[in-house]
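Take a slow look at the fold below. Then follow the chain with us, from its overall build to single pairs of side chains.

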Amino acid sequence: MLNQVLQVIGVQQNEEQQMEAIYDDFQRPPKIKIAMMHAAATKFAKTDPNIDLDKTNVCPCCGLPAVIEEIPLCSSRNEFSFNGSGIALYFDFLVFSGVIVFAYIAISCGYNIYANSQGKRCSLIKSSIADKCKTDFFNQFSLTNDNEDFDEVRSILNFISLIVILFLTLFYRRHISKIAMELDDAAILASDFSIIVENIPRDAKEPEIQEYFSQPFQNETVEFRKLCIAYEIQPYLKLNTQKQLKETVLTKVLELEAEGKQIPKSIPPRVQLKQEIDKISKELDYMEDHRATIFDFSGICIITYNYEKQADNVCKTFKATRFKILLDQLGIEQNEFKKFRNNNLLVRKAPEPGDIIWGNLGITIKEQYKRTLITNAMTLFLLAIGFGLLLGLSYAQNVINKNISKGSTTETIIITLLGFASSILISIINVVLAKMIVKFAELEQQATRTDYNVSVAYKMGVAQFLNTAILTLIINLFIQEEMISLDQAIWQTGGLNSDVMLIFITNSITPWLTLLLDVNYFYKLYVRQKIIKQGENCKYTQNEANQAFEGPTIDLSQKYAKLCKTLLFTFLYSALLPVGVCFTFLSIVCIYWTEKYLLIRRDSKPAPTGSAMAEAMIDFYIELILLLFSLGCTFWEWINYDKIHILTWLQLGFSTLHYLIPIQKICGCIVDLGIDNATIESYDEKFLTFYDDYDRRNPVTLDAAKEKWIKIQQETVQPTPQPKTSNQLKKYHQIQHITTGSTKIHPIESRNSREIDDLQQLQV
């Protein structure tokens with residue numbers, strides 16, 4: 001299994017046999033040294049650039065170098081760019097969130113808190129409802145405690161806050177665009193030279209596609225280097241899933257045999273399981289060898305050119321957008337674009353090889369829109385269920401209010417407990433929403449992990465915001481057994497003020513605390529200690545031990561969703577309860593340092609991602625945050641004062657206009673972001689340095705592609721008596737990259753390359 005990798009790093013045949021004997025996925029007891037090596041190889045850390053690969057520092061499980069340089073806790077966020085710009089930009093987004101919250105605190109929050117605390121609302125209420133109003137922590141710092149006729153200063157400061165935050169947003173857009181360009185210029189990857197093409201006729205053949213995309217574009221010739229065809233590989237994935245299930249059963253059988261226990265009659269014997277696994281492996285090999293005749297073409301391919309400028313020119317030639325192709329698929333006539341036969345093509349720069357979900361390719365744009373509509377409807381249904389639960393709790397609160405003595409200590413305790421119960425119920429509903437939305441996003445079968453993560457972040461952030469902020473607002477203000485004024489519904493005992501403040505407090509603690517108290521991580525620690533303690537008597541397999549020693553994985557989609565939900569909630573209620581904004585700021589600071597610590601010291605290395613997700617979150621959420629801020633200022637001002645200041649109307653109109661216009665395009669015209677320079681080096685010169693490439697990620701082509709890449713590595717990397725000159729090396733690199741028939745050699749089955757993506761598995 002390890003022969004190819006070991007040949008590359010210069011290990012002789014007898015050493016290869018020894019290494020082959022060292023590693024076995026099903027070995028019992030596991031080798032602790034290999035598990036620890038796997039932990040180091042998958043840790044979020046830089047690989048030591050000064051090491052030479054040999055058998056002592058390469059993880060035999062995943063083939064990654066195990067000699068690493070730990071990142072200091074106080075290091076710059078740019079230090080994370082070795083894993084792509086995605087992680088660094090997420091931490092930039094955290095910092096930006098803290099900056100805009102702090103800007104509001106510095107400009108408006110201090111004055112608003114002071115003005116609210118000086119009010120005497122409860123003392124001026126008429127006697128019939130005076131017992132329902134208390135100047136407690138929930139009401140004292142609320143806008144409803146301000147009993148003045150009107151506060152013009154408040155409106156002025158809120159308007160200034162909006163303008164400042166808007167300019168901070170413009171600066172941040174420029175910042176992330178600049179970072180993305182700098183990282184793109186600094187790191188030369190396979191995606192720099194590649195394009196992804198969608199909506200090719202399904203009956204098109206490889207020679208026809210290659211010939212079409214080898215013609216001149218933008219009056220310039222191109223140097224075609226590689227064609228990676230995406231097939232509809234669901235049968236392959238389904239068969240591979242069956243193999244993995246049987247391997248899991250085989251693991252259990254070996255465990256029972258090692259413990260001397262009787263194997264249940266419902267489980268096949270070990271010999272039969274091994275035969276079935278071998279049979280499936282041969283079927284998978286046959287599918288890979290005859291992929292062009294067995295699998296249907298998905299209409300999608302990735303094409304690599306020798307220079308990035310050539311790939312850019314091809315993208316500029318094809319003007320069709322995803323929406324225009326949707327209209328085309330619906331039979332609505334479109335403008336004439338450059339076509340392949342009669343099909344409009346969607347052509348763009350290719351995502352990273354590890355970003356593509358190969359099993360999802362082949363779903364038409366029309367079908368994807370249909371699935372998105374269905375999953376959105378299912379999300380709304382879940383929100384309706386959550387609304388019913390919160391409504392039931394509100395009804396119980398009203399019943400208790402009627403049956404206990406007013407103004408008593410018991411009433412205060414019970415109302416406070418019910419408020420906490422409501423905030424906890426909201427948190428539970430948000431957890432359920434998060435899990436279900438992940439399942440819904442999987443049903444959409446997005447083509448890339450970034451598209452999948454963006455879909456999850458959109459749905460989860462909005463759904464959790466609606467559940468946390470809007471449903472709480474509706475229940476408190478508009479669904480009451482007794483007819484009461486809107487302002488009374490806010491300040492009364494157990495009203496909106498107390499519910500929202502308790503949510504602020506809960507949200508300031510639970511996000512970072514749940515990260516630290518990760519149950520799955522502590523269970524892994526327990527398993528690690530158990531494996532070490534049992535030693536030779538350990539019943540875990542090597543693969544199970546490797547997984548136990550590997551750090552937790554991070555999910556950027558859920559991190560973005562939770563953070564954006566908090567920002568939406570905060571700015572909607574900032575004018576009503578400005579003291580709550582302070583809790584949010586402290587929460588963001590704690591989240592930043594907690595997540596940075598966990599990433600550097602605990603988490604495993606995620607798949608490399610680019611700037612697309614950070615840009616999508618800015619485009620979707622930031623304008624929405626500003627709009628909700630203005631809506632909140634207008635609504636709460638109207639409820640408390642029965643009128644709205646002209647500056648507040650201007651603020652609302654300005655933020656609405658900002659939300660509706662394409663601000664990201666205007667920013668590109670106003671602010672000079674510099675030129676995104678195309679890579680000067682050619683693909684021929686750099687492809688040997690690519691850890692990832694498309695044919696080495698495609699499940700049905702990775703074997704042949706890795707074999708070819710390893711052979712080239714052998715001839716190029718291994719020392720020779722007479723070193724090659726640069727001219728000789730460059731000449732050697734000008735090879736035919738398109739893989740044809742080749743002998744099957746299975747390279748190391750690593751977690752990072754051979755695995756079939758979890759999202760692909762779920763589809764079958």
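Contact here means heavy atoms within 4.5 Å. This is a predicted model, where local features need pLDDT of at least 70 and side-chain atom pairs count only at pLDDT 80 or more, while totals for chains, interfaces and linings use all residues. Residues are numbered from 1 along each chain as its sequence is written, and side-chain values use heavy atoms, with hydrogens and water left out.

The chain has 29 helices and 8 strands. Both are DSSP runs, numbered from the N terminus: helices (H or I) have at least four residues, strands (E) at least two. Of the 764 residues, 51% count as buried. Buried means under 20% relative accessible area, exposed means over 50%, and partly exposed lies in between (1.4 Å probe, protein chains only). The accessible surface comes to about 35,000 Å². Carbon and sulfur atoms hold 59% of that surface. Such areas come from the Shrake-Rupley method with a 1.4 Å probe; for residues, only the protein chains shown count as cover.

Now look at charged pairs. The structure holds 18 salt bridges. A salt bridge is a side-chain nitrogen of Lys or Arg within 4 Å of a carboxyl oxygen of Asp or Glu. One of them joins arginine 341 and aspartate 203, at 2.5 Å from N to O. The two residues are 138 residues apart in the chain. Arginine 341 sits in the loop between strand S6 (339–340) and strand S7 (343–344). Aspartate 203 sits in the loop between S3 and helix H8 (206–212). Arginine 341 is partly exposed, because its relative accessibility is 40%.

Next come lysine 309 and glutamate 220, which meet in a salt bridge at 4.0 Å, N to O. This pair also links distant parts of the chain, 89 residues apart. Lysine 309 belongs to helix H12 (residues 308–317). Glutamate 220 belongs to the loop between H8 and strand S4 (224–232). Lysine 309 has 48% relative accessibility, so it counts as partly exposed. Glutamate 220 has 33%, so it is partly exposed too.

Are arginine 225 and aspartate 684 buried or exposed? Both are buried. They form a salt bridge, with the closest N and O atoms 2.9 Å apart. Arginine 225 lies in strand S4 and aspartate 684 in helix H26 (residues 683–686), so the pair ties together parts 459 residues apart in sequence. Salt bridges can also form a network, and one links Lys226, Asp693, Asp695 and Arg696.

Serine 191 brings in another kind of link. This residue is found in the loop between helix H7 (152–186) and strand S3 (194–198). Its relative accessible area is 7%, so serine 191 is buried. Its side chain makes a polar contact with the side chain of glutamate 352, at 2.9 Å. A polar contact is a pair of N or O atoms within 3.5 Å; within protein, one must be able to donate a hydrogen and the other to accept it, and residues adjacent in sequence count only if both atoms are side-chain atoms. Leaving aside neighbours within four places in sequence, serine 191 is in contact with Lys349, Ala350, Pro351, Glu352 and Tyr694.

Rings come next. The structure holds 32 aromatic pairs. Rings of Phe, Tyr and Trp (its six-membered ring) pair if their centres lie within 6.5 Å; planes under 30 degrees apart count as stacked, over 60 as edge-to-face and the rest as tilted. Tyrosine 104 lies in helix H4 (residues 85–117) and phenylalanine 629 in helix H23 (residues 612–641), so the pair ties together parts 525 residues apart in sequence. Tyrosine 104 is buried, because its relative accessibility is 0%. Phenylalanine 629 is buried at 0% as well. Ring pairs also link Tyr90, Phe91, Phe93, Phe96, Tyr172, Tyr560, Tyr592 and Trp593 into a cluster.

Finish at the surface. Ile424, Ile428, Val432 and Met436 form a nonpolar patch there, with about 330 Å² of accessible area together. Patches are made of residues with over 30% relative accessible area and no salt bridge: like charges are joined within 9 Å, nonpolar side chains (Val, Leu, Ile, Met, Phe, Trp, Tyr) within 5 Å. Isoleucine 428 is found in helix H15 (residues 409–444). At 47% relative accessibility, isoleucine 428 is partly exposed.
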